[in-house]
Structures are given as structure tokens and as C-alpha cells.
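Here is a short report on one protein chain. Look at the sequence and the structure first, then read on.

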Amino acid sequence: MSNKDLGNWGEDLAVKFLEEKKYKILARNYRNRWGEIDIIASKRDGFFGKEKIFFVEVKTRASNNYGWPEEAVNEEKRKKIEYLADCYLKENNLEGEFRFDVISILRIGNNTEIKHLEDI
């Protein structure tokens with residue numbers, strides 16, 4: 001499996017994972033000239049709570065030889081995601097609470113480990 005195929009597989013798995021946790025997917029692979037956000041989702045905070053927007057970076061690897069997937073989301077990447085999130089919110093006239101998450105997927109052979117790191 002190529003790196004691109006592995007990344008696409010990981011993003012598909014992350015979407016299913018989020019949908020099972022009752023997130024609503026608003027966008028996938030949101031792009032502008034400054035970069036890309038893998039998944040933008042929303043979820044109501046409690047039964048009567050407000051809708052919150054989640055900007056999710058997905059990192060998928062087939063080994064941990066070069067570190068864990070989530071370790072690839074460094075300070076520079078976080079700042080880029082924050083800027084892109086601001087662009088998305090402005091383009092869509094959205095306000096309210098939002099959060100930045102990472103979904104880390106490690107697939108070694110037939111074993112797959114998914115971690116949802118909230119509020120990175």
C-alpha cells in the first residue's frame with residue numbers, strides 16, 4: 001500500500017470512528033492555498049448543549065519506526081491548522097466554540113490502533 005493509499009484509508013477509518021461517536025462530518029480535505037485540514041466535524045455538547053466544531057488532523061502510519069503518528073503534529077503543523085480553521089470559519093460565517101483534535105492510526109499487519117487526542 002502506498003503512503004497516499006494508507007493516508008486515504010486512515011482518513012476513511014477516522015471518519016467512521018467519529019461518526020460512531022455521533023460526530024457530524026462537515027467537510028473532508030478542506031483546502032486553500034495555505035494547506036489542508038483532513039476532517040471538519042461538529043457535535044452537540046450534551047443534549048441541550050451548543051454545537052461545537054472540531055478540526056481534526058489524521059495521521060496514519062504502518063510502523064512506529066519513526067515515532068508514533070501523533071508525534072508528526074508539531075507546533076508548526078498546529079499553527080497551520082489554526083490558521084486554516086480560521087479561514088474555514090470566516091468563509092462559512094461560523095462562530096462559536098471549536099477544538100483541534102488529532103486521530104492517530106497505527107496499522108501494523110492486521111492490527112490497527114486508533115487514538116483520539118482531544119484539544120491538542
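Two residues are in contact when heavy atoms of theirs lie within 4.5 Å. By that rule, and leaving out residues up to four places away in sequence, F55 touches I37, I39, I40, I81, A85, Y88, L89, F98, R99, F100 and D101.

The model is predicted: local features need pLDDT of at least 70, side-chain atom pairs count only at pLDDT 80 or more, and totals for chains, interfaces and linings use all residues. Residues are numbered from 1 along each chain as its sequence is written, and side-chain values use heavy atoms, with hydrogens and water left out.

**The whole chain**

The chain holds 2 helices and 5 strands. Helices (H or I, at least four residues) and strands (E, at least two) are DSSP runs, numbered from the N terminus. Along the sequence the pattern reads α-β-β-β-α-β-β. Among contacts between residues at least 6 apart in sequence, 51% join residues at least 24 apart. Buried means under 20% relative accessible area, exposed over 50%, and partly exposed in between (1.4 Å probe, protein chains only).

| Property of the chain | Value |
|---|---|
| Box filled by C-alpha atoms, along the principal axes | roughly 40 × 35 × 20 Å |
| Accessible surface (Shrake-Rupley method, 1.4 Å probe) | about 7,700 Å² |
| Share of that surface from carbon and sulfur atoms | 45% |
| Share of the 120 residues that count as buried | 38% |

The radius of gyration, taken over C-alpha atoms, is compared with a globule rule of 2.2 Å times the number of residues to the power 0.38. For 120 residues, a compact globule would come near 14 Å; the chain has 14 Å, which agrees.

**Helix α2**

Helix α2 covers residues 75–91. The expected span of a helix is 1.5 Å times one less than its number of residues. The 17 residues of α2 should therefore span 24 Å, and its end C-alpha atoms are 24 Å apart, which agrees. At its start, a side-chain oxygen of N74 reaches to within 3.2 Å of the backbone nitrogen of E76. Just after the helix, N93 takes a positive phi of about 50°.

Which residues of α2 are buried? They are I81, L84, A85, C87, Y88 and L89. Their cover includes β1 (24–32), β2 (35–44), β3 (51–61) and β4 (98–108).

**The cores**

A nonpolar core is a set of buried Ala, Val, Leu, Ile, Met, Phe, Trp, Tyr and Cys residues joined through side-chain atoms within 4.5 Å. The largest has 13 residues, and Y30, I37, I40, F55 and Y88 have the most contacts inside it. β1, β2, β3 and α2 each give two or more residues to this core. Its largest share, 6 residues, comes from α2. Apart from it lies another core of 12 residues, among them A41, F54, V56 and I105.

D101 sits in strand β4. Is D101 buried or exposed? It counts as buried, because its relative accessibility is 1%. Beyond four places in sequence, D101 is in contact with residues including Y23, F54, F55, H116 and I120.

E20 belongs to helix α1 (residues 3–20). E20 is exposed, with a relative accessible area of 65%. The C-alpha atoms of E20 and S2, 18 residues apart along the chain, are separated by 27 Å.

Terms used
A polar contact is a pair of N or O atoms within 3.5 Å; within protein, one must be able to donate a hydrogen and the other to accept it, and residues adjacent in sequence count only if both atoms are side-chain atoms.
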